[in-house]
Amino acid sequence: MTISASRRTGTRPRAAAWDSRPSRPRFQGLLCTIAALALLPAIAATLMRVIPPADDQTARVAAFISYGLLGYLIALGCLLIVVARARHRFVIAVITVAVALLTLCHLAWLGPLFVNDHRAAGTPKFRLMSLNMHNGGADSGKVAQRAERADIVILVEATPSALQDLKPFGWDERFPYSLGDPKDGFTNTAVYSRFPLRQSNLIGTTSYQQWETTVRIPKVGSIRLMAVHPCNPYCGGDRWSAEHQLLHEAVIDNLDQPLIVAGDFNAVDDHGPMQALRHLGLKSATDVAGAGWLPTYPADEPFPPLLPIDHVMINKELTASSVTSFAIPGTDHRGLFATLAGAR
């Protein structure tokens, strides 16, 4: 017969202490810390999206609102691990659900860019190209090459010499109609078209030239075109807000007809001025075509562009079948090439 050691020694097995606790899963505190650190900028991004800043300094930070999604995804991943391993889950589960809902908000803001609206075309297509030439530094030959398939071209930050350099590439033959008032410096905006331009005017007095004109396109009709370049948030003096407000008012005056507003807006879709334009009925051609998220700035760094601040906006009387971005040596912006048509 086998006798246990405890019986041989006359001792009893030791029971667990009455106040002992099961050991906590490892790294719970670290995961919660990472989640909290990721949530700080993410929540700030959400607040700036819901309550858009009007001052220049905060507007610079708001340019990165879209990246709040990354913070939420990191936090959500950490919290899901924590809640799965936690013994008391109620509080952490509530926080996780809240973070999941905020993540869905950011996905809902970005998601439409990847979904084609299927807005049917009722006219032949035409093509528009927009490019910031970065103080006239863009390679003229490459610009002319890109414009070979375009019907309308908008060039901002163009210098007189940069526009003159386009002529040897058959520019005037391709685009017999033009609009602009080239002055010394790089504050010029120029519009070139294969079709007649009329009723052309400067849009107020702004840091960079901004133009409005009417393009008469065969089998499409008259389209009001606004070539825009509001000052960026680094200009100071609240010029960013003031010039966007001026643009907003000009758009209101042209909503009774097919309308394109294109150029360097110095604003991302999440900025207040862009939201205000959408409330007026304008929509990004990128959104209509489901072309995805197309950052255009900065394009001259070792890393990819981070901010989509160049846009082609259209109202409901027009549609877009494609929008692509392209690189040109010598400029810090990627250009946009949009295929548009009258909507059915």
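Which residue forms a salt bridge with Lys183? The partner is Asp181, and the closest N and O atoms of the pair sit 2.9 Å apart. A salt bridge here is a side-chain nitrogen of Lys or Arg within 4 Å of a carboxyl oxygen of Asp or Glu. Before going further, keep in mind that this is a predicted model, where local features need pLDDT of at least 70, side-chain atom pairs count only at pLDDT 80 or more, and totals for chains, interfaces and linings use all residues. Residues are numbered from 1 along each chain as its sequence is written, and side-chain values use heavy atoms, with hydrogens and water left out.

Let's step back to the whole chain. The protein chain has 11 helices and 12 strands, which are DSSP runs numbered from the N terminus (helices are H or I, at least four residues; strands are E, at least two). Its radius of gyration is 28 Å, well over the 20 Å that the globule rule gives for 344 residues, so the chain is more spread out than a compact globule. That radius is taken over C-alpha atoms, and the rule is 2.2 Å times the number of residues to the power 0.38. The C-alpha trace spans about 110 × 40 × 40 Å along its principal axes.

How much of the chain is tucked away? Of the 344 residues, 46% count as buried; buried means under 20% relative accessible area, exposed over 50%, and partly exposed in between (1.4 Å probe, protein chains only). Contacts (heavy atoms within 4.5 Å) tell another part of the story: among those with a separation of 6 or more, 67% come from residues 24 or more positions apart.

Now back to the charges. Side chains of opposite charge can pair when their charged atoms come close. Seven salt bridges turn up in the count. One of them joins Asp117 to Lys283, with the closest N and O atoms 2.6 Å apart. This pair links distant parts of the chain, 166 residues apart: Asp117 is in the loop between α5 (90–110) and β1 (126–132), while Lys283 belongs to strand β9 (residues 283–284). Asp117 is partly exposed at 29% relative accessibility, and Lys283 is partly exposed too, at 24%.

Asp172 and Lys167 make another salt bridge, their closest N and O atoms lying 3.0 Å apart. Asp172 has a relative accessible area of 34% and is partly exposed; Lys167, at 35%, is also partly exposed. As for the opening pair, Lys183 is partly exposed at 46%, and so is Asp181 at 33%. There's a network as well, with salt bridges linking Arg127, Asp151 and Arg194.

For a look at the buried side of things, go to helix α10 (residues 272–279). Its buried residues are Gly272, Pro273, Met274, Gln275 and Leu277. Their cover includes α2 (28–50), α9 (239–252) and β10 (310–314). After α10 comes Gly281, with a positive phi near 110 degrees.

His118 isn't a glycine, yet its phi is positive, about 55 degrees. His118 is in the loop between α5 and β1 and is exposed, at 68% relative accessible area. His134, also not a glycine, has a positive phi of about 50 degrees; His134 lies in the loop between β1 and α6 (140–146). Finally, a cis peptide bond joins Tyr297 and Pro298, with omega about -10 degrees, and Pro298 is found in the loop between α11 (285–289) and β10.
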